[in-house]
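This report goes through ring contacts, helix packing and backbone angles in turn. Please keep the sequence and the structure in view while reading.

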Amino acid sequence: MNTFAIAWDSIWHHRTRSFLTALGIIIGVFAVVTLTSLGGGVQKYVNQKFAGIGANLITVVPALPHTNAKGGKGGFGGGRHGGAGPSFSSIPSTLTAGDVNALNNSHKSVLQSAAGVITVPSLLSQPHKSPIGASIMGVSSPFFGMQNLKIQSGTLKGTGVVLGYHVAHELFPHKSALNQTVVVGTKDFTVTGVLKSAQGAPGSDPNNTAYLPLNAALSVSGQTTVSEIILAASSPQNVPSAVTAARNILLHRHPSHNFKIITSQEILSTVTNTTKVITEFLAGIAGISLLVGGIGIMNIMLVTVSERFREIGIRKALGARDGDILVQFLTESVLLALIGGFVGTILSGLATHFVGKAVGIPANLTVGSVLTAVLFSIGVGAVFGVLPAMRAARLMPAEALRTE
Amino acid sequence: MAIKQAEAQSLIELREVSRSYGEGEATVHALRGVTLSIKSGEMVALMGPSGSGKSTLMNILGLFDRPTGGAYTFGGQDMTRLSARQQASFRGRRIAFVFQGIHLLPRLTALANVELPMSYARMAANTRRESALKALELLGVAHLKDRYPSQMSGGQAQRVAIARAIAPGPDLLLADEPTGALDRKSGELVLQAFQELHEETGVTIVLVTHDAFVGQHAARIVALEDGQVIGDQPVTDRLMAARQPSPTGGQS
């Protein structure tokens with residue numbers, strides 16, 4: 001009869017009690033693993049999004065002169081900086097179409113192209129119809145290439161409006177949108193292009209957006225400045241030198257340094273760090289329930305030890321060493337915790353899968369989170385089993401046998 | 001070494017062994033200088049009323065307890081110098097116990113119970129199995145090997161317990177009121193088992209009892225009272241349980 005079999009026998013003998021004890025660990029492991037897995041899923045989602053728009057993008061956003069104050073609230077909520085997508089700046093922008101042209105005509109090889117972006121606060125509709133809920137942006141034509149947006153029909157370089165996939169279908173469900181007329185605010189535009197369905201950058205939704213040429217958008221909205229400028233470096237490796245080049249050009253035009261340059265890697269790492277911190281924080285809170293579960297194990301093991309005084313005495317009288325008894329009870333508590341960890345992990349796998357599907361993030365159990373759960377259960381079982389097991393091991397056999 | 005030579009015959013040597021509990025005025029002297037020698041192959045009954053110190057003496061002999069004074073040698077080896085770990089290991093290899101309560105582990109089969117001490121002694125599985133079956137055979141309970149203690153009578157369980165005690169081949173078998181929890185008939189069967197075991201294997205047996213009838217089955221009676229030896233003599237009219245099961249004599 002080996003130690004494992006003895007431990008299992010004892011656990012099985014008190015099935016209800018063992019289950020309730022393990023439940024603490026089940027809940028704890030479930031909470032920790034689910035949260036870390038979902039956090040991992042969010043991170044994977046963000047990474048995928050960024051991978052889609054390329055790592056060579058640089059964003060210039062307005063800033064207060066000489067400060068590192070917020071450049072704008074990112075479209076994707078969690079970001080600290082302005083996003084690569086449309087940005088509703090709280091700081092009056094000073095970036096102009098002239099800046100975009102200066103960057104485009106810099107003749108620096110590391111600067112491939114530059115695109116100004118503004119958000120047009122107008123509504124989109126068919127003539128004489130009620131407007132639909134699409135957002136309208138003004139962009140320079142390189143924008144489409146940077147954002148990996150492909151044309152389905154028409155052209156990207158026309159003078160009219162380019163509609164996102166859903167927008168086109170919502171406005172013109174039964175016919176081609178191309179060459180139809182739409183109204184932005186009060187002005188008529190001809191549809192010169194329709195985009196393929198695309199995911200776009202984090203926080204942007206190109207399918208539900210209509211894109212005007214930058215200058216047209218400026219005149220429609222009466223603005224003179226752009227919300228942000230997006231730059232494409234010639235390659236991801238050239239991003240740092242592109243940043244330097246862009247900064248020099250812009251400093252020449254904006255001596256007060258009232259702009260801020262953010263690379264998409266910076267944004268990505270900010271988002272990644274933020275989700276990581278949030279995930280770890282939540283997992284830490286969930287870890288408290290593991291602690292409580294561990295105390296439950298300790299409690300029940302203490303009960304078990306006092307119930308089995310006699311058995312311990314007999315075993316010692318039969319030549320069991322302190323170490324044998326210690327290992328026996330420690331095995332039992334670790335096994336109990338491991339069972340809890342196992343069940344918790346399975347439940348967490350199911351929950352993560354379904355929640356991930358419902359929310360639309362690629363969340364699944366990771367090797368890391370399962371490993372963490374298993375190690376944590378073993379640790380909890382061992383740490384909280386030590387005290388009862390030591391108590392059992394230290395019993396004097398004669399004393400134990402007298403307890404009838 | 002010289003001592004060992006001189007006492008080659010003697011398995012257990014107790015010299016002026018004392019044991020007291022507590023301190024100051026509350027001190028209880030359970031043993032007050034017990035000197036006793038038990039030869040290898042003897043069957044001795046330690047007799048005395050409750051409170052005479054026989055349980056304390058048994059705990060010291062079984063290495064469950066340490067004397068506060070005096071010397072205890074087992075097979076020429078000084079037992080008082082052993083660490084708790086060494087004691088446990090020594091106990092596992094050399095000394096076996098039969099208790100008053102039927103101390104079989106309820107969730108193990110008879111065979112597993114008998115094998116347990118040998119597995120604690122780290123004996124190989126096949127040796128363990130072999131010795132266990134042999135011991136069960138010797139006690140006439142081999143047919144019960146797959147039963148759990150709850151599926152046996154008290155006498156059967158006690159014989160399994162004796163089988164468990166002798167299976168590893170100990171030098172000393174310590175029995176603490178082995179018939180105390182049994183009715184007279186089962187008790188006699190168990191005493192018979194002890195006597196047959198003694199004859200067949202020559203193992204040294206110490207029976208601790210308050211029951212004179214049980215004591216009469218041993219070859220020598222050491223009487224204890226108030227922590228001291230008050231009598232030590234061979235049994236002249238020894239009862240042989242196998243041949244003349246007697247309904248008279250002794251009170252339990």
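## Charges over rings

In this predicted model, B:Arg184 lies over the face of B:Phe213, at 4.1 Å from the ring centre.

## Aromatic pairs

Counted over all chains, there are six aromatic pairs. One of them joins A:Trp8 and A:Trp12, and this pair is stacked because the planes of the two rings stand at 20°, with the ring centres 5.8 Å apart, where stacking requires planes under 30 degrees apart. Both residues belong to helix H1 (residues 3-13) of chain A, in which they are four residues apart, or about one turn of the helix. A:Trp8 is partly exposed, with a relative accessible area of 38%, and A:Trp12 is likewise partly exposed, at 46%.

In chain B, the rings of B:Phe74 and B:Phe90 form an edge-to-face pair, with 5.2 Å from centre to centre and 85° between the planes. B:Phe74 lies in strand E4 (residues 69-74) of chain B and B:Phe90 in helix H3 (residues 84-94) of chain B, so the pair ties together parts that are 16 residues apart in sequence. B:Phe74 is buried, its relative accessible area being 1%, and B:Phe90 is buried as well, at 3%. Returning to chain A, one aromatic cluster is formed by A:Phe143, A:Phe144 and A:Tyr211.

## Helix packing in chain A

Chain A contains twelve helices and eleven strands, and of its 404 residues 50% count as buried. Among the contacts in chain A between residues at least 6 apart in sequence, 81% join residues at least 24 apart.

Helix H3 (residues 97-104) of chain A packs against helix H7 (residues 239-253) of chain A at an angle of about 140°, with the two axes 10 Å apart. That angle makes H3(A) oblique to H7(A), since only angles over 145 degrees would count as roughly antiparallel. The crossing of H3(A) and H7(A) is right-handed. H3(A) contributes A:Gly98, A:Asp99, A:Ala102 and A:Leu103 to the contact, while H7(A) contributes A:Ala246, A:Ile249, A:Leu250 and A:Arg253.

## Helix packing in chain B

How do the axes of helix H6 and helix H7 of chain B cross, and at roughly what angle? The axes of H6 (residues 154-166) and H7 (residues 184-201) of chain B come within 9 Å and cross at roughly 20°, and H6(B) and H7(B) are therefore roughly parallel to each other. H6(B) passes H7(B) in a right-handed crossing. On the side of H6(B), the contact is made by B:Gly155, B:Gln158, B:Arg159, B:Ile162 and B:Ile166, and on the side of H7(B) by B:Ser186, B:Val190, B:Ala193, B:Phe194 and B:Leu197.

## Positive phi angles

Most residues other than glycine have a negative phi. A:His128, however, has a phi near 65°, a positive value in a residue other than glycine. A:His128 is found in the loop between strand E3 (124-125) and strand E4 (135-139) of chain A, and this residue is exposed, with a relative accessible area of 84%.

B:Asp226 also has a positive phi, near 55°, and lies in the loop between strand E9 (220-225) and strand E10 (228-234) of chain B. With a relative accessible area of 46%, B:Asp226 is partly exposed.

How values were computed
Residues are numbered from 1 along each chain as its sequence is written. Chains are lettered from A and ligands numbered from 1 in the order in which they are written. This is a predicted model: local features need pLDDT of at least 70, side-chain atom pairs count only at pLDDT 80 or more; totals for chains, interfaces and linings use all residues. Side-chain values use heavy atoms; hydrogens and water are left out. Rings of Phe, Tyr and Trp (its six-membered ring) pair if their centres lie within 6.5 Å; planes under 30 degrees apart count as stacked, over 60 as edge-to-face and the rest as tilted. Helices (H or I, at least four residues) and strands (E, at least two) are DSSP runs, numbered from the N terminus. Buried means under 20% relative accessible area, exposed over 50%, partly exposed in between (1.4 Å probe, protein chains only). A charge sits over a ring if NZ of Lys or CZ of Arg is within 6 Å of the ring centre and within 35 degrees of the ring normal. Axes are lines fitted to C-alpha atoms, for helices over the stretch in contact, and angles run from 0 to 180 degrees between N-to-C directions. Angles under 35 degrees count as roughly parallel, over 145 as roughly antiparallel, 65 to 115 as roughly perpendicular and the rest as oblique. A crossing is left-handed if the near helix is turned anticlockwise from the far one by less than a right angle, and right-handed if clockwise. Contact means heavy atoms within 4.5 Å.
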